[in-house]
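Open the model in your viewer and keep the selection tool ready.

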Amino acid sequence: MIGGLLLVGFGVALFVGFNIGGSNTGPAFGPAVGAGVISKLFAGALMSVFFFVGAWTIGRRVVNTLGRDLVTDPGVFTIETSIVVLFFIGGALFIGNYAGVPASTSMTAVGAIAGLGVAAGELNWAVMGEIAVWWIVAPLVGFWVSGVVGRYFYPTINRWIAIEQTDGSLLSLDRSGAIPRPTAGPNSTRREIVGTVVVISIGCLMAFSSGTSNIANAIAPLYGAGVDLNLLILLGCGAVTVGAFTIARRTLDTLGNDITDLPLTAAIVVAIISSGIVIGLSAIGIPASFVIIATMSIVGLGWGRATRSTTVSEGVRGEKTPNVSVGALTTEDPGEEAPDIGEEDPEDTPSAADLFNPETTGRVVLMQNVVPLLSTVGAYATFRLLFAFVW
């Protein structure tokens, strides 16, 4: 009977991993796909490889936090309870993926496990508090770091990147020799090739950071129940691969085309800052929400960019008020010289509505809150009933 239950547990864990692949491929490679740099198929392949690398290395620490530390008695993780927890994680994530919205897998998983812990009276409130504090601090760090970059460094970075896509394919195959070798396309420029490599590399970094934080969401309950960690990582990454090649197409469309016209420069800056924060938290065993950190980074980057129209002394004296908006990210074109701080006209800063699609953004914000809430409340209510009448 235990063998049959374990197979069911594997099946539910694979379902969760499938939805993680669908939910996290969009944030990682949506900008690159939306810009036409890579195809959805290639994005799925890159997601699979770098997610596995992150999961196999740093991801083990987060698995231990969720599977062993978040509850005071790991014995509450039986095969049966693990199946129920994974069911709520996977079900909630599937709702988000079906809506084409990349939900926070870490918040969804922690919520379901916390629901079990509270219902069983075994939640480690110290660990839960530490996770909650970092969930508050990390987005604020992303906001302020991005704000500093936006105010002092964004125009320079924008000139450095300046990716302009040319007609025709980026690369072609030279078949003149015995072995075909890739060469630059007929119209490709060196700047375009370097820029494309940068964008793809950033997506790979984000996929790696996703693996460090999100593999735990699919396998931590079964690890808490005593299943071998290496086997679980292989199974979870396999399921993520399937999700990256299939259901991720919806979130790639949402992140790459529908939600925002985020400039490539801003997307790169946000990706580096957000991924760095997620990897750092994973290294100390804290599950992190990349989507929320990235959202605050976008806001911070736009805020910092908009404040360039006012010097610090003018702002303190109240002589000038900047037109603060994330729309500031679209102010200058790549390669264009930006005015010095204090010399820019605030009226040149677009409004946020020029950057974001309000309808899609509202749907994303709503689902980011609904999905974790569904997993938390659903798991708590279910375990209260099960502990009262069955276990």
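Select Leu 41, Gly 44, Ala 45, Met 47, Ser 48, Phe 51, Phe 52, Ala 55 and Trp 56 in α2; they meet Asn 230, Ile 233, Leu 234, Cys 237, Val 240, Thr 241, Ala 244 and Phe 245 in α9. Contact means heavy atoms within 4.5 Å. By class, this contact of α2 with α9 has 13 nonpolar, four polar and no charged residues.

This is a predicted model: local features need pLDDT of at least 70, side-chain atom pairs need 80 or more, and totals for chains, interfaces and linings use all residues. Numbering starts from 1 along each chain as its sequence is written, and side-chain values use heavy atoms, without hydrogens or water.

Now show helix α2 (residues 40-56) and helix α9 (residues 229-245) whole. Their axes come within 9 Å and cross at roughly 160°. The two are therefore roughly antiparallel (an angle over 145 degrees).

Beyond its neighbours within four places in sequence, Phe 51 contacts residues including Ile 20, Ala 207, Asn 214 and Cys 237.

Which residues touch the most other members of the largest nonpolar core? Select Phe 29, Ile 38, Phe 51, Leu 70, Ile 89, Ile 219 and Leu 222, out of 88 residues in that core. Core residues are buried (under 20% relative accessible area, 1.4 Å probe, protein chains only) and joined through side-chain atoms within 4.5 Å. Helix α8 (residues 190-224) gives the most to this core, with 13 residues.

Last stop: helix α6 (residues 125-152) and helix α12 (residues 290-306). Their axes come within 7 Å and cross at roughly 30°. That makes α6 roughly parallel to α12 (an angle under 35 degrees).

Key. Axes are lines fitted to C-alpha atoms, for helices over the stretch in contact, and angles run from 0 to 180 degrees between N-to-C directions. Helices (H or I, at least four residues) and strands (E, at least two) are DSSP runs, numbered from the N terminus. Angles under 35 degrees count as roughly parallel, over 145 as roughly antiparallel, 65 to 115 as roughly perpendicular and the rest as oblique. Ala, Val, Leu, Ile, Met, Phe, Trp, Tyr, Cys and Pro count as nonpolar, Asp, Glu, Lys and Arg as charged, and the others, Gly among them, as polar. Buried means under 20% relative accessible area, exposed over 50%, partly exposed in between (1.4 Å probe, protein chains only).
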